[in-house]
Amino acid sequence: MKRILLVLGASSDQIFMMKTAQAMGLSVLAVDMNPMAKGFQVADDFAVISTRDIQSLLEFIDNYQGKGNKIVGVTTMGSEIPDIVAILSQHLGTPSVSLESARLATNKYEMKLRFREKGIPVPWFQEIQSTKDLKQVVSERGFPLVIKPIDRSGSRGVFLLDEKCDMEDLLSKSKTFSYCGRIQVEEFLAGLQISTETVMYHGEGITPGFADRNYQLLDQFRPQIMENGGWIPSILNNNERKLVEDLVVKASLALGVTDGITKGDVVMTKEGPKMIEMAARLSGGDFCESLVPLSSGVNYVEAAIRIAIGEEPDLEALKPRFHRAVVNRYFFTKPGRLVRIEGVSEVLKKDWIKKLEFWYEAGDIVPQPLSHAHRFGVFVLVGQTRHEVDERTDWVYRTIRIVTEPYDS
């Protein structure tokens, strides 16, 4: 009988996971609300169901298994739904993080309360209900501050507050992004931001995913806080990296994740590393799909799948096989109607370009970027050193020209 892995989501974010599972000898069943999802072309079987429609998913699973099929695990990649994974896994009797861990990982306020309770260093934070609350915080703490929905990811509704901002307007906008309408304000931490991905197994953690995040466009997009990719290797020394790795393992355990994947956002401050937040899932984008495999030869998505189907992961395979510099960056452009993209063929001639994608076509309306979901495209490239990948990055940005024209709706 085929062993079937249920993958929640069938967008481009999940395709690498599907291909990894198939290479492991698993059959992939994908679900997505989009009938045109790209991943449906990769999956062995699929169904058009929203990944947030719990009742429909449970009914589908029961009907699917009633036909003699055997689902051996449930997982996802790049989708903030550990609660759905936990519910379906519990229904099937397959491994996953607990419902409580999933709850904490999808509620940034409760997450920080747990971190503080367990002695995990975090920025100062507070839930707020109104502009009056926010002004009171400003009068006590001053600027800069960050506001964010407690239940969203991908920078949605995350704003940097300073002396020039319209606090009432930004608070209102932030609330519109929240599913539950709850907002928190927190201290803005100065320092290098780091993304991590940790494989937790039997309470021990290994962190093969470790990248410096790029916020060089912070002033350009202010008050939105927009990341523009990252670098591997990190500029941190071995001792500093060890501090971060120890912190994200402790944070994982604080959330109750002893087996599975955790994705950490950390700032290296003058006082040491502090946790911004942590997700109980694999990242989307290029982190575990491109940056880590290209920089070290490690594919820890396989470890995530093995844990999800109740098998022991190969921890030795999480050790780097080589070291190479890798960078990913995004394209942003003026809003309007896309006319053309120039320079693509010239960039693709370079063997150090490993990925070049654009998410809009001629004639499409390009919106004002309000979150990571509004990036225009992406590229990934490799080199021997960070200096070399930085020079190559600058060349790509000089060579690609995105032409838009004003658009009146």
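1. Helices here are DSSP runs of H or I with at least four residues, strands are runs of E with at least two, and both are numbered from the N terminus. Keep in mind that this is a predicted model: local features need pLDDT of at least 70, side-chain atom pairs count only at pLDDT 80 or more, and totals for chains, interfaces and linings use all residues. Residues are numbered from 1 along each chain as its sequence is written, and side-chain values use heavy atoms, with hydrogens and water left out.

2. Now H3 itself, residues 82-92. Its buried residues are Pro 82, Ile 84, Val 85, Ala 86, Leu 88, Ser 89 and Leu 92. Buried means under 20% relative accessible area, exposed means over 50%, and partly exposed is in between (1.4 Å probe, protein chains only). What do the buried residues of H3 pack against? They meet strand S1 (3-8), helix H2 (54-66), strand S4 (70-75) and helix H4 (99-105). Contact means heavy atoms within 4.5 Å.

3. Lys 112 deserves a look. This lysine is found in helix H5 (residues 108-117), and it counts as buried because its relative accessibility is 0%. Leaving aside neighbours within four places in sequence, Lys 112 is in contact with Pro 123, Phe 125, Lys 148, Gln 184, Glu 186 and Ile 276. As for Ala 362, it lies 250 residues from Lys 112 along the chain, and the two C-alpha atoms are separated by 44 Å.

4. Is Ser 153 buried or exposed? Its relative accessible area is 19%, so it counts as buried. Ser 153 is placed in the loop between strand S6 (145-149) and strand S7 (159-161). Once neighbours within four places in sequence are set aside, Ser 153 is in contact with Glu 80 and Arg 281.

5. Val 326 belongs to strand S14 (residues 325-331). With a relative accessible area of 0%, Val 326 is buried. Apart from neighbours within four places in sequence, its contacts include Gly 230, Trp 231 and Ile 232, along with Leu 291, Leu 294 and Ser 295. Val 380, Leu 381, Val 382 and Val 389 are also in contact with Val 326. Ser 296 is 30 residues from Val 326 in sequence, and C-alpha to C-alpha they are 9.7 Å apart in space.

6. On the cysteines: the structure holds zero disulfides, a disulfide being a pair of cysteine sulfur atoms within 2.5 Å. Cys 180 counts as partly exposed, at 44% relative accessibility, whereas Cys 288 is buried at 1%.

7. Stepping back to the whole chain, its secondary structure comes to 13 helices and 19 strands. The radius of gyration is 21 Å, close to the 22 Å that the globule rule gives for 409 residues, so the chain is as compact as a globular protein of that length. That radius is taken over C-alpha atoms, and the rule is 2.2 Å times the number of residues to the power 0.38. Along the principal axes, the C-alpha atoms fill a box of roughly 60 × 55 × 50 Å.

8. Of the 409 residues, 55% are buried. Among contacts with a separation of 6 or more, 66% come from residues 24 or more positions apart.
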